[in-house]
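Hi,

Here is the structure I promised to pass on. Have a look at it first, and my notes follow below.

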Amino acid sequence: MNIRFYILRRVVLIIPTLIGLSLLTFAIARIVPGDPVGLAAGPRATEEIKEALRREFGLDQPLPVQYIDYISGLFQGDWGQSLYTRREVLGDLRAFWPATLELTTAAVIIATLLGVPAGVISAMYRNRLPDHVARVLSLFFVSFPSFWLAMIFQTWFGRDLGMLPIGKRLPVLVAPPQATTGLFLVDSLIQLDFATFAVSLRHLFIPALVLSFGAFASITRITRASMVEALEKDFVRMERAIGIPYRVIIFKYVLRNALIATVTVVSLNFGWLMAGAILIETIFDWPGLGLYAVEASLSLDFQPIMGIAVLYGIVFSVVNILTDIVYGILDPRIRYG
Amino acid sequence: MAEQKNWAKDKNNARWDNLARGLYRFRSNRLSMLGLLMLLFTVFVAVFAPLIAPFPEDASGATNVLERLQAPSETHLFGTDKVGRDIFSRVVMGTGLALQVGTVIILLATSIGVTIGAISGYAGGWLDDLLMRITDIFLTVPALVLAIAISAALGKGIINAMIGISLVWWPGFARLTRSLVLSLREEPFVEAAYGIGAGHARIIFRHILPNAASPIIIKMTTDFGFAVLTAAALGFIGLGAQPPTPEWGAMINDGRRYFPDEWWIATFPGLAIWLMVFSWNLIGDGLRDVLDPRSRR
């Protein structure tokens with residue numbers, strides 16, 4: 001099957017998933033035992049004001065009508081409004097999403113750069129000291145509550161050592177680069193603004209590092225396991241027999257075979273870290289989806305929460321498709337069908 | 001009759017041998033033994049909490065404003081918080097809560113997930129398709145995001161947080177159980193059970209699931225630590241346990257405003273979470289080796 005057709009089919013298949021997802025989030029939003037409208041209108045609101053608010057947000061309609069309104073809005077770019085700020089959810093998501101994407105991507109890159117070598121070393125020195133050290137370290141770091149570790153690192157690196165900024169994406173006085181992607185690192189590079197690039201990299205480093213710990217253990221483990229499996233294949237013995245240096249065998253042949261499983265785990269981690277970012281963002285005052293999600297959920301403001309869930313669903317599906325494409329690059333034997 | 005008895009005994013012997021061998025492998029793994037010791041320590045603390053904590057009443061709303069924000073000392077090993085409560089007592093009293101939260105989440109998630117996975121794998125056909133599509137929808141959104149949404153909708157509180165987390169935690173168990181059942185249902189002993197007239201429920205619960213137990217138990221163990229972490233995260237956000245419950249995540253949130261000057265308020269609950277999660281992760285890592293020989297060679 002043609003790869004373009006395969007991707008197109010996968011993209012189309014996102015739609016039923018999204019419909020299911022919107023049904024799920026809609027169900028969650030409507031089981032609310034609390035009174036979001038009452039909360040939003042304030043303690044002194046009269047019944048008329050609440051009624052007007054309900055009418056304005058369509059909450060006086062029967063549930064099926066509400067759902068159909070919501071789902072047709074989703075496809076037309078109307079993701080509803082916040083009960084509190086009255087702002088368009090889609091606009092808010094557009095504003096906050098790049099910060100979260102940048103943070104998550106950086107964390108996944110760090111976790112992969114640390115985790116894959118750790119896994120390779122573990123497999124090469126199987127059941128010897130480096131293997132045990134890598135194993136303990138990865139379990140050690142993944143066991144910390146990320147939000148707590150974030151506070152500690154923020155203090156150490158930001159306050160005590162004064163090496164790195166303690167929060168936000170840029171200093172107050174630095175203007176963000178002209179938005180093309182919304183990712184400060186990419187945008188500043190496009191503008192060839194290396195000063196801003198350096199500053200935003202410094203701001204990104206600690207939050208991304210802390211976030212990456214959550215993925216380190218699983219990436220190390222899967223890389224180790226699949227390396228060990230690949231090392232026992234016949235082709236390795238053959239290559240050693242004809243005298244190819246061990247390092248070349250490891251990095252050129254074995255690693256490439258082992259990376260397919262790693263790619264799966266890395267892409268799964270992308271979703272988990274995107275959720276973990278919610279916690280990290282609240283510590284570092286990182287203006288992403290996390291702060292937005294926490295505020296919305298504490299005030300029972302359900303349009304933004306539903307919007308975030310749908311957005312995460314889309315991103316996760318897209319990441320899955322990208323993963324499948326990477327499989328094909330790593331292993332030309334894989335056929336799309 | 002006598003013959004049948006012997007048969008049953010042999011089967012038990014085989015199971016016992018496997019268990020003993022597994023136990024031996026587990027015991028020879030020093031890291032997992034360390035994890036087990038740490039876990040026993042937390043259980044000990046949880047059971048004897050009222051005796052260990054010097055000020056057990058501080059866990060349930062007592063305040064002592066005169067002694068607020070004191071640094072760690074001999075009377076207050078971990079210092080005191082903004083209303084003068086002894087952090088050490090609150091951390092100790094919160095141990096049992098954290099263990100209970102993890103247990104409830106894992107048991108709920110396992111029962112939902114295993115039931116759905118077993119039905120899905122055993123029945124096949126449209127029912128399998130339907131159940132797996134539902135599972136996929138849950139897997140499309142990161143668990144923490146859905147857990148936040150569900151707990152928020154149900155209302156703040158530790159019970160609702162546990163329900164919320166369990167409701168997003170089952171899909172992993174469903175997927176795992178389904179894959180196990182799919183291969184087990186082709187085994188001759190299932191055909192034999194069917195042949196002598198066993199019903200579907202009996203085949204699933206007495207013949208298939210006992211043979212699928214090991215991987216499910218590993219997953220329960222490795223997931224335990226992360227369930228505790230997730231519950232603490234909800235507490236930290238403000239959705240989980242409400243004051244004055246000595247829930248570790250909520251305590252860290254409490255101490256956040258005073259960090260780093262009064263560092264002890266947030267630091268010690270964080271270390272307590274780490275200790276419990278680390279112990280479960282070490283045990284889970286060892287169990288994986290024992291029950292799944294492929295994972296560590």
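Before the helix pairs, a word on how they are described: axes are lines fitted to C-alpha atoms, for helices over the stretch in contact, and angles run from 0 to 180 degrees between N-to-C directions. Helices are DSSP runs of H or I with at least four residues, numbered from the N terminus. This is a predicted model, in which local features need pLDDT of at least 70 and side-chain atom pairs count only at pLDDT 80 or more, while totals for chains, interfaces and linings use all residues. Residues are numbered from 1 along each chain as its sequence is written, and chains are lettered from A in the order in which they are written.

Let's start where the chains meet. Helix α1 of chain A (residues 3-30) packs against α5(B) at about 75 degrees, with the axes 9 Å apart. That makes α1(A) roughly perpendicular to α5(B) (the word covers 65 to 115 degrees). On the α1(A) side the contact is made by A:T17, A:G20, A:L21 and A:L24, and on the α5(B) side by B:R133, B:D136, B:I137 and B:T140 (in contact means C-beta atoms, placed from the backbone, within 7 Å).

Taken as a whole, the contact between the chains uses 44 residues from chain A and 41 residues from chain B. The biggest contributor to the chain B side is α6(B), with 10 residues. By class, that side of chain B has 29 nonpolar, 7 polar and 5 charged residues (Ala, Val, Leu, Ile, Met, Phe, Trp, Tyr, Cys and Pro count as nonpolar, Asp, Glu, Lys and Arg as charged, and the others, Gly among them, as polar).

Which residues does A:A309 touch, leaving out those up to four places away in sequence? They are A:L21 and A:T25, plus B:V141, B:V145, B:L146 and B:A149.

Within chain A, helix α9 (residues 194-231) and helix α11 (residues 246-284) pack at about 165 degrees, their axes 8 Å apart. That makes α9(A) roughly antiparallel to α11(A) (the term is for angles over 145 degrees). Their contact has 19 nonpolar, 8 polar and no charged residues.

Is helix α10 of chain A, residues 234-241, buried or exposed? It is hardly covered: the count of buried residues among its 8 residues is 0 (buried means that 20 or more other C-beta atoms, placed from the backbone, lie within 10 Å of a residue's own). After α10(A) comes A:G243, with a positive phi near 90 degrees.

Cheers

Key: Helix = DSSP H or I, 4+ residues; strand = E, 2+ residues; numbered from the N terminus. Parallel < 35°, antiparallel > 145°, perpendicular 65-115°, else oblique. Contact = placed C-beta atoms within 7 Å. Buried ≥ 20, exposed ≤ 12 C-beta atoms within 10 Å, placed from the backbone.
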